[in-house]
Amino acid sequence: MRRFLAFALLLAAPAFAHATPLDGTWRVDLTTDPAKPYTQPMQLTLNADGTVTGSFYQSTIEAGRWKESRGRLCASFRTTDGVGPYHTAVCLTGDTATGQTWAEHRNFLFNWNAVRAPTTEAAPTP
């Protein structure tokens, strides 16, 4: 039994070794009017193979990549609203995430910031 437990821990160790500070659930501030705060959840998993999975603005991430380089940890991914693609880029900036989302079909580029969501707040499943 001890051998099995030790073997199981060895197999699980690489999964923890690949966790990044950008993994997890974030609260993205999309407020355009300070009198009307507006946030949406973003859940990111940065996989060991360089891919990104999760969700943003209640849409599943369809494709994404991440990289740590030049002193920055960043990810880019694509979601959709069913009409066209949304391209998002996000970088870790201290304890916050700084990003932007571009939707060509809606003719906008939106800069945003995010803070880590409380552990009791989970991102909804799209």
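**View 1. Tryptophan 102 is partly exposed, at 39% relative accessibility.** Here, partly exposed falls between buried (under 20% relative accessible area) and exposed (over 50%), using a 1.4 Å probe and protein chains only. This is a predicted model, in which local features need pLDDT of at least 70, side-chain atom pairs count only at pLDDT 80 or more, and totals for chains, interfaces and linings use all residues. Tryptophan 102 sits in strand β8 (residues 96-103); strands (E, at least two residues) are DSSP runs numbered from the N terminus. Leaving aside residues up to four places away in sequence, tryptophan 102 touches Pro85, Tyr86, His87, Phe108 and Leu109, where contact means heavy atoms within 4.5 Å. The C-alpha atoms of tryptophan 102 and tyrosine 86 are 5.7 Å apart, although 16 residues separate the two along the chain.

**View 2. Nine strands make up an open, antiparallel sheet.** Reading across, the order is β4-β3-β2-β1-β9-β8-β7-β6-β5. Two strands count as paired if DSSP finds at least two bridges between them. Strands of a sheet pair through backbone hydrogen bonds, either parallel or antiparallel.

**View 3. Strands β2 and β3 run antiparallel and are joined by five bridges.** Strand β2 covers residues 39-46, and β3 covers residues 52-56. For a handy landmark, look for methionine 42, whose bridge partner in β3 is phenylalanine 56.

**View 4. Glutamate 62 and arginine 78 meet in a salt bridge, at 3.2 Å from N to O.** The term requires a side-chain nitrogen of Lys or Arg within 4 Å of a carboxyl oxygen of Asp or Glu. Glutamate 62 belongs to the loop between β4 and β5 and arginine 78 to strand β6 (residues 72-80), so the pair ties together parts that are 16 residues apart in sequence. Glutamate 62 is partly exposed, at 45% relative accessible area, and arginine 78 is partly exposed too, at 32%.

**View 5. Aspartate 81 forms a salt bridge with arginine 106.** Their closest N and O atoms are 2.6 Å apart. The pair links distant parts of the chain, 25 residues apart: aspartate 81 is in the loop between β6 and β7 (85-93), and arginine 106 is in the loop between β8 and β9 (108-116). Aspartate 81 is partly exposed, at 31% relative accessible area, as is arginine 106, at 45%. A search of the whole structure finds two salt bridges.

Technical notes
Residues numbered from 1 in each chain as written. Heavy atoms only, no water. Helix = DSSP H or I, 4+ residues; strand = E, 2+ residues; numbered from the N terminus.
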